[in-house]
Amino acid sequence: MSPFRNVLVGAALALATATSAHAQDADVQLWRLDCGTVAANDLNAFSDIQAYTGQSKRLASSCYLIRHGSDYLLWDTGLPSAMKGKPLDDNQAMDATVTLTIKEQLAQLKIDPAKITHVGLSHYHFDHSGQLAEFPGATLIVGKADWTVLTTDPASYGADPAPFAHWISGGGKVEQATTDKDVFGDGSVTMLRLPGHTPGHSGLLVRLKDKGPVLLTGDLAHFSENYASNGVPTFNVDRADTLASLDRFKKLADNLKATVIIQHEPADVGKLPTFPQAAE
């Protein structure tokens with residue numbers, strides 16, 4: 001190995017060690033929020049090789065609240081509040097409902113919605129951005145490629161710019177993530193670039209003192225069987241990117257010995273404490 005390469009490797013290792021140390025020192029809590037239920041009555045929508053013919057599944061719609069010191073990051077904003085109380089229709093290929101809004105759950109924690117300093121979105125689909133408009137004071141963090149779709153060709157890839165109107169008009173601050181983004185600068189909360197489901201799709205890594213690393217999938221996979229088999233939904237924008245992102249995510253999870261939480265998998269809800277308790 002050349003002296004120059006030795007210097008680069010040494011610097012990278014030193015940076016990784018320092019970041020990990022800072023992350024362990026950070027005051028971080030993580031809550032799982034109930035952001036709705038999805039009835040996937042035709043499960044083949046989640047398989048471009050028709051792996052689930054005749055099958056259906058109830059999926060969770062999960063959001064996450066992360067406290068970092070005095071800052072609060074909301075990861076995904078779930079289904080629209082207007083869907084609260086709507087009965088599920090099993091005759092539709094897919095339907096959804098909401099039981100509690102994010103604001104109602106924040107009230108249970110005695111957290112003023114105005115205290116949400118950041119909203120990070122895994123991607124722009126309506127079941128992940130539905131309550132975004134209710135947090136206009138927050139800095140929006142979103143993948144650059146997703147933001148490009150929203151602002152230049154919103155009819156593509158299932159994008160709906162309506163929840164983003166406040167930020168698109170310049171009323172709120174937007175941070176466009178082009179690579180992995182260290183949200184608070186200490187390695188404790190990192191937005192991971194995982195394209196394929198949408199052009200700018202992301203996951204989230206949260207490092208907790210007691211529980212250790214937690215990896216949130218976004219919509220990298222929607223349920224356990226699809227995650228295990230590297231299944232690709234019919235509505236993903238890029239198959240090759242999806243498979244590459246799955247490969248990266250799984251290797252990262254193994255290397256970090258992280259708790260993996262598939263955000264739509266009901267069985268994974270129990271991997272975090274029951275609301276209103278937080279993981280630390």
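This is a predicted model: local features need pLDDT of at least 70, side-chain atom pairs count only at pLDDT 80 or more; totals for chains, interfaces and linings use all residues.

Colleague: What lines the largest cavity?

Modeller: Rolling a probe the size of a water molecule over the atoms shows where empty space is left. A cavity is a set of points on a 1 Å grid over the protein atoms alone where a 1.4 Å probe fits but cannot get out; a pocket is open, with protein on both sides within 12 Å along at least five of seven lines, and lining residues have an atom within 4 Å of a point. Volume is the space filled by probe spheres on points joined across faces, edges and corners. Here the lining of the largest cavity is Gly143, Ala177, Thr179, Met191, Leu192, Arg193, Gly200 and Ser202. Three of the lining residues come from strand β9 (189–193), which gives the most. Sorted by class, the lining has three nonpolar, four polar and one charged residues, with Gly counted as polar. A search of the whole structure turns up one cavity of 30 Å³ or more.

Colleague: And what is the volume of the largest pocket?

Modeller: The largest pocket comes to about 330 Å³. Of its 19 lining residues, Val38, Met94, Phe126, Asp127 and Phe235 are the closest to the centre. Strand β4 (94–97) supplies the largest share of this lining, three residues, and helix α3 (126–129) is another element that gives at least two. The pocket lining splits into 10 nonpolar, five polar and four charged residues.

Colleague: In what order do the strands of the seven-stranded sheet run?

Modeller: Strands (E, at least two residues) and helices (H or I, at least four) are DSSP runs numbered from the N terminus, and two strands pair if DSSP finds at least two bridges between them. The seven strands go β4-β1-β2-β3-β5-β6-β7, an open sheet with mixed pairing. From one strand to the next, the twist averages 25°. Strands β1 (28–40) and β2 (57–68) run antiparallel, joined by 11 bridges; Leu33, for instance, has Cys63 of β2 as its bridge partner.

Colleague: Which strands make up the five-stranded sheet?

Modeller: That open sheet is ordered β8-β9-β10-β11-β12, again with mixed pairing. Its edge strands are β8 (181–182) and β12. Five bridges pair β9 with β10 (202–208) in the antiparallel sense, and Leu192, also part of the cavity lining, has Gly203 in β10 as its bridge partner.

Colleague: What is the mean pLDDT of the chain?

Modeller: pLDDT is the predictor's confidence in each residue, from 0 to 100. The chain averages 93, and 91% of its residues reach 70 or more. Residues 1–18 fall below 50, and beyond near neighbours in sequence this stretch has two contacts in the model (heavy atoms within 4.5 Å).

Terms used. Residues are numbered from 1 along each chain as its sequence is written. Side-chain values use heavy atoms; hydrogens and water are left out. Axes are lines fitted to C-alpha atoms, for helices over the stretch in contact, and angles run from 0 to 180 degrees between N-to-C directions.
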